[in-house]
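Good morning, everyone. Please look at the model on the screen while I talk.

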Amino acid sequence: FTVINNYIIPALDKVGILFEKGTFFLPQLIQSAETAKCAFDEIKKILPKGSKQTDKKIIIATVKGDIHDIGKNIVKIVLENYGYDIIDLGRNVEQDIIINTAISENVKLIGLSALMTTTVVNMESAIKAIKESGHPCKVMVGGAVLTEEYAKKIGADYYAKDANNAVKIAKEIFGWYILKAEFSNKKNKASVYRGFFCCENNKPSAKKSMVKCWGVKKSILIFI
């Protein structure tokens with residue numbers, strides 16, 4: 001994970017910042033995501049089986065009646081390169097399919113897209129059905145016809161104006177990419193972890209280039 005954490009993710013973050021500033025544009029954003037994908041494909045070849053994190057699942061779909069999926073596909077590529085497990089249901093998707101998939105896969109974040117003014121009503125209907133299902137998840141929406149104000153009006157939890165914003169939302173929902181490790185030390189003996197969060201009671205207590213942890217049978221959550 002050193003290559004991912006120290007090089008690929010920071011590079012993607014930098015591209016995201018330049019995109020927000022208007023220095024980079026959509027072609028550069030897509031090109032960087034595709035380049036990162038090539039790097040991830042090579043890394044996957046040497047990772048042991050079962051290394052993939054399956055608790056960071058995100059459903060993305062274009063709502064019923066809408067056949068446009070270019071924006072959705074861009075969001076998918078960028079999110080995948082940040083390590084999220086994307087379940088792409090495609091376009092013109094019935095709300096029941098979205099809900100059933102979210103429940104069966106225990107998905108915590110759903111991304112809905114609509115590019116036509118005539119299909120936004122279906123997005124609103126889908127959000128309402130998701131909330132009424134009782135499944136604990138958040139919904140982010142995006143598309144050319146949407147605004148943050150309108151997203152709130154139709155009941156969405158988040159508005160993603162672009163792929164970079166979708167990544168920020170995912171980080172807010174899931175936190176950083178997590179690996180959990182147990183360690184046991186004698187009293188007052190320190191274990192050192194470089195560049196990680198040291199957590200106690202599931203709450204980050206520090207973020208430094210070097211973190212020292214003391215104690216017996218504590219857990220450390222490593223955010224990478």
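Two notes before that. This is a predicted model, where local features need pLDDT of at least 70, side-chain atom pairs count only at pLDDT 80 or more, and totals for chains, interfaces and linings use all residues. Residues are numbered from 1 along each chain as its sequence is written, and side-chain values use heavy atoms, with hydrogens and water left out.

Now the cores. Nonpolar side chains in soluble globular proteins tend to be buried together. The largest nonpolar core here has 30 residues. By nonpolar core I mean buried Ala, Val, Leu, Ile, Met, Phe, Trp, Tyr and Cys residues joined through side-chain atoms within 4.5 Å. Buried is under 20% relative accessible area, exposed is over 50%, and partly exposed is in between, with a 1.4 Å probe and protein chains only. I58, L79, Y84 and M140 have the most contacts inside this core. M140 is in contact with residues including I58, L79 and I169, leaving aside neighbours within four places in sequence. Contact means heavy atoms within 4.5 Å. A second, separate core has 25 residues, among them A61 and V93.

Next, the aromatics. How many aromatic pairs does a search of the whole structure find? One. Y84 and F174 form a tilted pair, 5.6 Å centre to centre, with 40 degrees between the planes. Rings of Phe, Tyr and Trp (its six-membered ring) pair if their centres lie within 6.5 Å; planes under 30 degrees apart are stacked, over 60 edge-to-face, and the rest tilted. Y84 is buried, at 9% relative accessible area. F174 is buried too, at 9%.

Now D66. This residue is buried yet has no salt bridge. R91, the nearest side chain of opposite charge, is 8.1 Å away. Here Lys and Arg count as positive, Asp and Glu as negative, and His and the chain ends are not counted. A salt bridge needs a side-chain nitrogen of Lys or Arg within 4 Å of a carboxyl oxygen of Asp or Glu. The side chain of D66 does reach the backbone nitrogen of L115, at 2.7 Å.

Last, the salt bridges. A search of the whole structure finds seven. K168 pairs with E20, with the closest N and O atoms 2.3 Å apart. K168 sits in helix α7 and E20 in helix α1, 148 residues apart. K168 is partly exposed at 41% relative accessibility, and E20 is partly exposed at 43%.

Notes:
Polar contact = N/O pair within 3.5 Å; in protein donor to acceptor, adjacent residues only side chain to side chain. Helix = DSSP H or I, 4+ residues; strand = E, 2+ residues; numbered from the N terminus.
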